[in-house]
Amino acid sequence: MSEVSSNYFVAAASIAAKLDYATKVAQRLSLTASNARALTLRAGQSAAGFRPLTDAIHRLSDITVSSSKKINAIAAVLSRMAVEKYRSDSALKYFDAVYLQAQGSRHLDSLSDVYERTKLKQKELMTQYQQKIQQLTQELEAVEGELRSAVVLKVLCQIEASQAGATYQDALNNVAENVENIAETIKEQIVFSRQQVAILQ
Amino acid sequence: MKAEKLYENNDHTWIVFGRDEDKPDLIIDTNQYMVTSKKNSLLMDPGGVELFSAMLSAVIKEVPAQKITHLFASHQDPDIISSLGLWDLALTDATLHSPWLWEGYIRHFGMQHIEYEGIPDEGSRLTLDEVVLEFIPAHYLHSSGNFNVYDPKAKILMSGDIGAAMEEPDAPMFVEDFDAHIGKMKMFHQRWMPSNKAKNDWVRRVRQLDIEMMCPQHGRIFRGADVKRFLDWFENLEVGVLGGRR
Ligand SMILES: [Fe+2]
Ligand SMILES: [Fe+2]
């Protein structure tokens, strides 16, 4: 799903889908960290500098997993709200048409209560909807910020790998690559989701 | 909304969606099905308006929205297709396949962009890339204009309301004990299905199909020998019986 879709139901649903995927990818990061940890234990003194880095990878994984889940939940709420908003928007459109068509009718006034109530509901929904979007934007920005540390982590991993003995060098370099690739994949989901947020507004 | 893959080969997959945890209590639980071929997806009995956002979110985890080019509504009921007005906004280029008989009624759910392709009484076929699906007549079971979808390659029959059961919201997806399952199906079939003649004719035709899975719109999926067990049970059931009254 590369192109940005033009409809807000689809936009909210596809953010949820992207973040669902991001959660799975982030879980792989945790696996990478555990493997790296096992590797440094085997490598002993020669990879001592690598060990604290595995903690950092774990931390990055935990943060991305938990915020992906959070964003996913927000997107699910938004997609329900988008439908509700559509329903109250179109109810008002229908009421407006009635006011035109039934001009001069004896009981037209009897509609005004419902009309006002629907209008109020729509306004409330709009406010809640905007708040949710803001919350979503903040969460997306937060994950993106965390993911920036992945680049540094990768470089640090590479430096430590180059100081480890030849036996473990390749495996440790591989960890570095993994961290970068996984972070990149998650970032793609976030960037796509931020584009979709623009449609929701 | 849970999603479970029922079938997969190199040219297409079947997925069932259902058992939605967030479903409002008083609406009947439904199963939605999707066939995806190389470039297209068909969504079958996409469900009611209350389920729409859960459904769209679940579907989009599997395929992009633009890939959903076909919808199928076995008949006109609200639990089948009252979400149409919303799909109409979400899908850019789609065709709805549904009994010709119901076109004027189904359009009341709101349909401005989606195209209506009426299925003739005798049934028809739909080709999705390399996959051929058959619309099998199932009139009066229960609706007077009603179809099943048969996939000869996957050996799956999507049977709509036939085989439906009233289940707990978290019931397993498959029938495990047929005899125990009867109690959940009996009233549904007796009360909603009006015609023994139509039922027996359907059983006779469906017996000739090679079926590994029979997938109803409510309740659980029948596999292997349970398909034949269902056909035998249904053939012997007296339908058009007033029951289940409040
Ligand atoms: Fe029905
Ligand atoms: Fe139904």
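Trainee: Is helix 1 of chain B mostly covered or mostly open, and how many of its nine residues are buried?
Mentor: This is a predicted model. Residues of the helix that count as buried include B:Phe52, B:Met55, B:Leu56 and B:Ile60. Helix 1 of chain B is mostly covered, and the number of its nine residues that are buried is eight.

Trainee: B:Phe52 belongs to that helix. With which residue does B:Phe52 form an aromatic pair, and of what kind is the pair?
Mentor: The partner of B:Phe52 is B:Trp87, with 4.9 Å from centre to centre. A pair whose planes are over 60 degrees apart counts as edge-to-face. Here the angle between the planes is 80°, and the pair of B:Phe52 and B:Trp87 is edge-to-face.

Trainee: How many residues apart are B:Phe52 and B:Trp87?
Mentor: B:Phe52 is in helix 1 (residues 52–60) of chain B, and B:Trp87 is in helix 3 (residues 84–90) of chain B. Both B:Phe52 and B:Trp87 are buried. The pair links distant parts of the chain, and the separation is 35 residues.

Trainee: How many aromatic pairs are there over all chains, and why is the pair of A:Phe9 and A:Tyr86 edge-to-face?
Mentor: Over all chains there are 16 aromatic pairs. The ring centres of A:Phe9 and A:Tyr86 are 5.8 Å apart. That pair is edge-to-face because the planes of the two rings stand at 90°.

Trainee: Which helices of chain A does this pair link?
Mentor: A:Phe9 is buried, at a relative accessible area of 2%. A:Tyr86 has 24% relative accessibility and therefore counts as partly exposed. The two residues are 77 residues apart, and the pair links helix 1 (residues 8–43) with helix 2 (residues 51–101) of chain A.

Trainee: Over which ring does the charged end of B:Lys199 sit?
Mentor: In chain B, ring pairs link B:Phe178, B:Trp202, B:Phe222, B:Phe230, B:Trp233 and B:Phe234 into a cluster. The charged end of B:Lys199 is 5.8 Å from the centre of one of these rings, and that ring belongs to B:Phe234.

Trainee: Over the face of which residue does A:Lys18 lie?
Mentor: The case here is in chain A. At 4.7 Å from the ring centre, A:Lys18 lies over the face of A:Phe192.

Trainee: Which residue coordinates both iron ions?
Mentor: The protein donors of the iron ion (ligand 1) are B:His75, B:Asp77, B:His142 and B:Asp161, at 2.0 to 2.2 Å. For the iron ion (ligand 2) they are B:Asp79, B:Asp161, B:Gln217 and B:His218, at 2.2 to 2.3 Å. The two ions are 3.4 Å apart, and the residue that coordinates both is B:Asp161.

Trainee: What is the arrangement of the four donor atoms around the iron ion (ligand 1)?
Mentor: Four donors count as tetrahedral if all angles lie between 85 and 135 degrees. Around the iron ion (ligand 1) the angles are 85 to 170°. This range makes the arrangement irregular.

Trainee: How many residues apart in sequence are B:His75 and B:His142, the pair that ties together parts of chain B?
Mentor: B:His75 lies in the loop between strand 5 (68–72) and helix 2, and B:His142 in the loop between strand 9 (131–137) and strand 10 (147–151). B:His75 and B:His142 are both buried. The parts tied together by this pair are apart in sequence by 67 residues.

Trainee: What is the site of the iron ion (ligand 2) like, judged by its angles?
Mentor: The spacing of its donors along the chain is D-x81-D-x55-Q-H. The angles among the four donor atoms of the iron ion (ligand 2) are 77 to 167°, and the site is irregular.

Trainee: How many residues apart are B:Asp79 and B:Gln217?
Mentor: B:Asp79 is in helix 2 (residues 78–81) of chain B, and B:Gln217 is in the loop between strand 12 (213–216) and strand 13 (222–223). B:Asp79 is buried at a relative accessible area of 17%, and B:Gln217 is buried at 0%. The separation of B:Asp79 and B:Gln217 is 138 residues.

Trainee: Which three residues supply 32% of the area that chain B buries against chain A?
Mentor: The contact involves 16 residues of chain B and 15 residues of chain A. The two chains bury about 1,400 Å² between them, with 67% of it on carbon and sulfur atoms. Supplying more of chain B's share than any other three residues are B:Ile60, B:Lys61 and B:Leu89.

Terms used: Residues numbered from 1 in each chain as written. Chains lettered and ligands numbered in written order. Predicted model: local features only at pLDDT ≥ 70, side-chain atom pairs only at ≥ 80, totals over all residues. Heavy atoms only, no water. Phe/Tyr/Trp six-rings, centres within 6.5 Å; stacked < 30°, edge-to-face > 60°. Helix = DSSP H or I, 4+ residues; strand = E, 2+ residues; numbered from the N terminus. Buried < 20%, exposed > 50% of the residue type's maximum accessible area, 1.4 Å probe, protein only. Lys NZ or Arg CZ within 6 Å of the ring centre and 35° of its normal. Donors = N, O, S within 2.8 Å, 3.2 Å for Na, K, Ca; no water. Tetrahedral: all angles 85-135°; square planar, octahedral: opposite > 155°, others 65-115°. Contact = heavy atoms within 4.5 Å. Buried area = accessible area lost by both parts, 1.4 Å probe.
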